[in-house]
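Subject: Structure handover

Hello,

Here is the structure I said I would pass on. My notes on it follow below.

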Amino acid sequence: MGSGYRVTVLTLFPELVTEYFRTSIVGRLVERGDVVPEVVDIRDFTTDRHRSCDDAPYGGGAGMVLMAQPLAAALESVDARARHVVFPTPAGLPFVQGDAQRLAGLDGMVLICGRYEGIDQRVVDEYVDEEVSLGDYVLSSGELAAMVVMDAVYRLRDGAIRRESVVEDSFQDGLLEYPHYTRPETILGRRVPEVLLSGHHERILAWRRRKQLERTACRRPDLLQRVALSEDERVFTEEILKGEKDNGRNQGS
Ligand code: SAM
């Protein structure tokens with residue numbers, strides 16, 4: 001990998017995010033200089049003596065809103081206008097593997113962690129390049145969401161983890177991943193599928209592909225629309241969808 005991926009996180013809880021950068025895969029990448037983290041405390045950019053970051057919403061209603069002034073000042077301090085700014089929010093577009101791949105291809109990003117009812121829309125209009133949602137549920141603040149986005153992105157960068165692991169992950173080829181097994185051959189009264197012990201590479205590949213198709217047809221049939229399937233695979237998944245075949249919930253055999 002060339003120069004490090006510069007990631008800046010704007011947050012009201014810097015300790016949460018700082019700890020993340022010390023841990024596991026991302027911790028190693030930071031040590032090697034492949035990821036260059038920067039955690040910015042939005043509160044450092046307040047101008048009143050109470051260091052206030054929230055205020056009541058115009059128009060009334062429950063909750064508070066993260067004020068534009070400290071957030072805009074924090075963004076200016078990291079040169080956000082010249083960088084790619086991502087705001088995780090439940091109101092964003094669904095964040096999917098393709099987005100992680102696209103963001104991994106940049107030289108870095110700025111992430112805004114929301115809080116309260118959200119952030120003043122004028123900051124979004126002025127600085128944010130994309131709003132992404134992790135799913136149809138509401139977290140109490142954006143730190144976990146930012147960490148999820150970062151994590152999905154880093155592991156796709158060259159040298160983060162073995163390339164084969166990434167290639168075989170769920171969503172990389174549009175399907176969910178097949179089930180995994182490790183030693184011993186029998187545990188909990190359950191045996192590893194025989195084919196995985198056969199040493200027969202092609203049969204193993206075929207079994208894994210079938211498991212991917214079963215799982216995806218059963219759990220995420222929406223994904224099948226976007227995957228190029230052979231005629232046999234199309235018939236196979238249609239049978240599962242119509243309930244004419246085992247629906248893939250029994251993952252083993
Ligand atoms: N009032 C907002 C709404 O209904 O869309 C929810 C605000 S939430 C309590 C506070 C912050 O958590 C958000 O601004 C966002 O940064 C983060 N957040 C919560 N749920 C999220 C999700 N599903 N995806 C991404 N970020 C989320």
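Two rings of Phe, Tyr or Trp (for Trp, its six-membered ring) count as an aromatic pair if their centres lie within 6.5 Å. Please keep in mind that this is a predicted model. Searching the whole structure by that criterion gives two aromatic pairs. One of them is formed by Y5 and Y154, with 6.2 Å from centre to centre and 85° between the planes. The arrangement is edge-to-face, because planes over 60 degrees apart are classed that way. Y5 belongs to strand 1 (residues 5–11) and Y154 to helix 6 (residues 143–154), so the pair links distant parts of the chain, 149 residues apart.

Next, the ligand. Where does the ligand sit? The ligand is in the largest pocket. It is surrounded by 20 residues, and the closest are P88, E117, L134, Y137 and L139. By type, the shell around the ligand consists of ten nonpolar, eight polar and two charged residues. Strand 5 (85–94) and strand 7 (130–133) each contribute at least two residues to this shell. Strand 5 gives the most, with four residues.

A polar backbone atom of L139 is 2.9 Å from a nitrogen atom of the ligand. For G135, a backbone N or O atom lies 3.2 Å from a ligand nitrogen atom. At G142, a backbone N or O atom is 3.5 Å from an oxygen atom of the ligand. Taken alone, the ligand exposes 580 Å², and the protein buries 84% of that area.

Two points of backbone geometry are also worth a look. Most residues other than glycine have a negative phi, and most peptide bonds are trans. S24, which is not a glycine, has a positive phi, near 55°. This residue is located in helix 2 (residues 24–32). The peptide bond from R183 to P184 is cis, and its omega is near 5°. P184 lies in the loop between helix 7 (163–168) and strand 8 (186–187).

That is what I have for the handover.

Regards

Note on methods: Residues are numbered from 1 along each chain as its sequence is written. This is a predicted model: local features need pLDDT of at least 70, side-chain atom pairs count only at pLDDT 80 or more; totals for chains, interfaces and linings use all residues. Side-chain values use heavy atoms; hydrogens and water are left out. A residue is near a molecule or strand if one of its heavy atoms lies within 4 Å of it. A polar contact is a pair of N or O atoms within 3.5 Å; within protein, one must be able to donate a hydrogen and the other to accept it, and residues adjacent in sequence count only if both atoms are side-chain atoms. Accessible areas come from the Shrake-Rupley method with a 1.4 Å probe; for residues, only the protein chains shown count as cover. On a 1 Å grid over the protein atoms alone, a cavity is a set of points where a 1.4 Å probe fits but cannot get out, and a pocket is an open set with protein on both sides within 12 Å along at least five of seven lines; lining residues have an atom within 4 Å of a point. A molecule sits in a cavity or pocket if more than half of its atoms lie within 2 Å of its grid points. Ala, Val, Leu, Ile, Met, Phe, Trp, Tyr, Cys and Pro count as nonpolar, Asp, Glu, Lys and Arg as charged, and the others, Gly among them, as polar. Rings of Phe, Tyr and Trp (its six-membered ring) pair if their centres lie within 6.5 Å; planes under 30 degrees apart count as stacked, over 60 as edge-to-face and the rest as tilted.
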